[in-house]
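Colleague: I would like to learn how to read a few features of a model, one residue at a time. Could we start with burial and go on from there?

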Amino acid sequence: ATDTTSWNNKLDSETDPVFTAWDKTTGISITESQISDLGNYIETETDPSVPTGTQAGEMQYWNGTAWVTVAPSYNGSTLTLVNGVPTWKYELQAGEVENPTTGKIWMDRNLGASQVATSSTDAAAYGDLYQWGRAADGHESRTSGTTSTLATSDTPGHGNFITNGSSPYDWRSPQNDNLWQGVSGTNNPCPSGYRLPTAAELEEERLSWSSNNAAGAFASPLKLPVAGYRSNSNGSLLSVGSGGDYWSSTVDGTYSRYLHFDSSNANMASSYRRAYGFSVRCLKD
């Protein structure tokens, strides 16, 4: 009984603390050293980050020590894991060929050709001859008519091969450098999903050949034939069966870059004659 009475007396005499609302007018006291400590923490803190992408469709994965970028692939590709690494796989479609050295996928024949070349001089594989920057409007036929009247727009409105023997030797006046750039480029003559290759892409193919000449061009996965070219001055056919000339989408001043090869040599060159008729081999975008 005595213990119970003592405990009750203790409870009755205890003073409970009283909590009141914080008076905001008094502010908060922060010392200079506390501000300095916070600043040092913010400045030395390293936040994790994922690499910034450079093109649509890129992905990143963590390899255990760093973020690695996976480049986008062709439409229709499937994503699979190879040794734990995300990898795109693409199945070649009919009419396509891949160069395993460059990894690029191309049409398996020249634009306008009826078949894949069976030899360097296979006439059925020569295909059409395009003036640089023109669409497939009929002028590319090896037997199309000619006219010396220059076009003043990107679409001449006829299928004649436009001849021009005067500088800057173009079928269009004034010149337009932006006609064959990319799958959405003005006048892109390639099928949907394909485009003209750049000069760098053609050069990469040339460097993969077994020999730097027409024999190497045909021995390559692209089997490029010596289709010749069409003269800018009168539309006549030249070097058919002995030389190959393939346009790129790349311009160089008033020039346009192209791949040339014959029995003794192959090289990238700049032609000031955009009115030339050259072969076109389309690259999958």
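Colleague: Is Glu201 buried or exposed?

Modeller: First, this is a predicted model. The general idea is a cut-off: a residue counts as buried when its relative accessible area is under 20%. Glu201 has a relative accessible area of 12%, so Glu201 is buried. In the protein as a whole, buried residues make up 38% of the 285 residues.

Colleague: Where in the secondary structure is Glu201 placed?

Modeller: Glu201 belongs to helix α3, which covers residues 199-207. The protein has four helices and 17 strands.

Colleague: What does the side chain of Glu201 reach?

Modeller: The backbone nitrogen of Thr198, at 2.9 Å.

Colleague: Now the surface. Which residues form a nonpolar patch there?

Modeller: Val50, Trp62 and Trp67 do, and together they have about 320 Å² of accessible area. The accessible surface of the protein comes to about 15,800 Å², and 51% of that belongs to carbon and sulfur atoms.

Colleague: Why does Trp67 count as partly exposed?

Modeller: Partly exposed lies between the cut-offs for buried, under 20%, and exposed, over 50%. Trp67 counts as partly exposed because its relative accessibility is 37%. Trp67 is placed in strand β2, residues 67-70.

Definitions and conventions. Residues are numbered from 1 along each chain as its sequence is written. This is a predicted model: local features need pLDDT of at least 70, side-chain atom pairs count only at pLDDT 80 or more; totals for chains, interfaces and linings use all residues. Side-chain values use heavy atoms; hydrogens and water are left out. Helices (H or I, at least four residues) and strands (E, at least two) are DSSP runs, numbered from the N terminus. Buried means under 20% relative accessible area, exposed over 50%, partly exposed in between (1.4 Å probe, protein chains only). A polar contact is a pair of N or O atoms within 3.5 Å; within protein, one must be able to donate a hydrogen and the other to accept it, and residues adjacent in sequence count only if both atoms are side-chain atoms. Patches are made of residues with over 30% relative accessible area and no salt bridge: like charges are joined within 9 Å, nonpolar side chains (Val, Leu, Ile, Met, Phe, Trp, Tyr) within 5 Å. Accessible areas come from the Shrake-Rupley method with a 1.4 Å probe; for residues, only the protein chains shown count as cover. A salt bridge is a side-chain nitrogen of Lys or Arg within 4 Å of a carboxyl oxygen of Asp or Glu.
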